[in-house]
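Here's a quick briefing to read alongside the model. Have the structure open and follow along topic by topic.

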Amino acid sequence: MSPISTSDIKPPSQLSFNGISNGNAVQPQQDPEYLSTQPGPDHDWKVSLKNKVVAITGANRGIGLGIAEVCLANDALAVYSLDIFEPGDEFQAIRNENPKRFHYIHCDVTSEESITSAIDTIVANQGRIDGLVANAGMTKHQPALQFDHAQLEQLFKLNVFAAYFCATAAAKKFIELGVRGSIVFTASMTSYRPNRAAPSAPYGATKAAVRNMTHTLAMEWAKHGIRVNSVSPGFVKTAMTYFVDQAPDWKLKMQYYGGMPRLADPKELGGAYVYLLSDGASYTTGVDLPVAGVVGAW
Ligand SMILES: NC(=O)c1ccc[n+]([C@@H]2O[C@H](COP(=O)([O-])OP(=O)(O)OC[C@H]3O[C@@H](n4cnc5c(N)ncnc54)[C@H](O)[C@@H]3O)[C@@H](O)[C@H]2O)c1
């Protein structure tokens, strides 16, 4: 590794300030190689997704659908669910409440081609894309000694590889369009500590990988004006966790876990995503927001 020489560090007087057009306003730019994320004079300080087009993977149900609903409630211009299964009644109900703003594109996020094509379709339809939530994921609960190679591969393929390719496909499009885009991963509290409700060592490892790459991608892509963050949910009431509060010892567990003794409604995570997707988070990048009601948090 070569040491950093003091000649590599430019004093403020040598920083060039180019006027570059970024959306509505001409922004001061600190370095020709950096797309400025500095709020301009017409910056809207209300936390809102007004005029923003957002893609969410796995938003046909569960947490993704909850995020979509809250993005729509916060004025997103359009929200796209990129999902492998056809939408069900829950999705249709939210689509009916938000005519022409909530869309579905069939997409298998484990295929780079499928992700790229979905993002291209969004841009063809809306003329833009401002945010991507890499949310689709799966778990497998069983003791560590019982996992075989194929099971591990399936978990890593969806939770890590697909999340990575969703992020890179979105980043390439943001760079091509000159958009100060936002990428948000759905990580998990299991990225910090074991899931005490069910054994799932490989799942926790996939989510730790996601949380870790958040930090590095944020560092690498800051020069493109792209922010990368993650949200770590705790227990959320979805198909993935239907069994958690059915356990006979649930009440006793809650007594010892501390915090809010319940699972979250998926929509209760939405505000964290809306913030990270919004211009209100213009200086927020490379962080993880744990949203876990403290339940068994640490
Ligand atoms: N439920 C929880 O308590 C909890 C807690 C922490 C983190 N998470 C994470 O939140 C995310 C969403 O979980 P959930 O509970 O809503 O799960 P879910 O199973 O209810 O929803 C997952 C969605 O992803 C879609 N999907 C699966 N494979 C796909 C693929 N190859 N391509 C496109 N879409 C695909 C599914 O069709 C589904 O709509 C996951 O990443 C999960 O690991 C969930």
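**Around the ligand**

The shell around the ligand counts 28 residues, and the closest are Gly58, Gly62, Gly137, Thr238 and Met240. Keep in mind that this is a predicted model.

**Who lines the ligand**

- Sorted by class, the shell holds 12 nonpolar, 13 polar and 3 charged residues.
- Helix H1 is the top contributor to that shell, giving 3 residues.

**Helix H1**

- H1 covers residues 62-73, so to speak a 12-residue stretch, and spans 17 Å from its first C-alpha to its last, close to the 16 Å expected at 1.5 Å a residue.
- Most of H1 is covered, with 11 of its 12 residues buried.
- Among those buried residues are Gly62, Gly64 and Gly66, along with Glu69 and Cys71.
- Look just past the end of H1 and you'll find Asp75 with a positive phi of about 75 degrees.

**S4 and S5**

- Strands S4 (residues 78-83) and S5 (residues 102-106) run parallel and pair over 5 bridges.
- Within this pair, Asp83 of S4 sits opposite His106 in S5.
- To get from S4 to S5 the chain goes through helix H2 (residues 89-97), making a right-handed β-α-β crossover.

- S6 pairs with strand S3 (residues 53-57) in the parallel sense, over 3 bridges.
- Ile56 is the residue standing opposite Val133 in S6.
- S6 also pairs with S7, again in the parallel sense, this time over 4 bridges.
- Here Leu132 stands opposite Ile183 in S7.
- The link from S6 to S7 passes through helix H4 (residues 149-177), and this β-α-β crossover is right-handed.

**Ala197**

- Ala197 belongs to the loop that lies between strand S7 (182-186) and helix H5 (201-221).
- Ala197 and Trp250 are 53 residues apart along the chain, and their C-alpha atoms are separated by 9.0 Å.

Key:
Residues are numbered from 1 along each chain as its sequence is written. This is a predicted model: local features need pLDDT of at least 70, side-chain atom pairs count only at pLDDT 80 or more; totals for chains, interfaces and linings use all residues. Helices (H or I, at least four residues) and strands (E, at least two) are DSSP runs, numbered from the N terminus. The expected span of a helix is 1.5 Å times one less than its number of residues. A residue is buried if 20 or more other C-beta atoms lie within 10 Å of its own, exposed if 12 or fewer, and partly exposed in between; C-beta atoms are placed from the backbone. A residue is near a molecule or strand if its C-beta atom, placed from the backbone, lies within 6 Å of it. Ala, Val, Leu, Ile, Met, Phe, Trp, Tyr, Cys and Pro count as nonpolar, Asp, Glu, Lys and Arg as charged, and the others, Gly among them, as polar. Two strands pair if DSSP finds at least two bridges between them. A crossover is right-handed if, with the strands pointing away from the viewer, the path from the first strand over the helix to the second runs clockwise.
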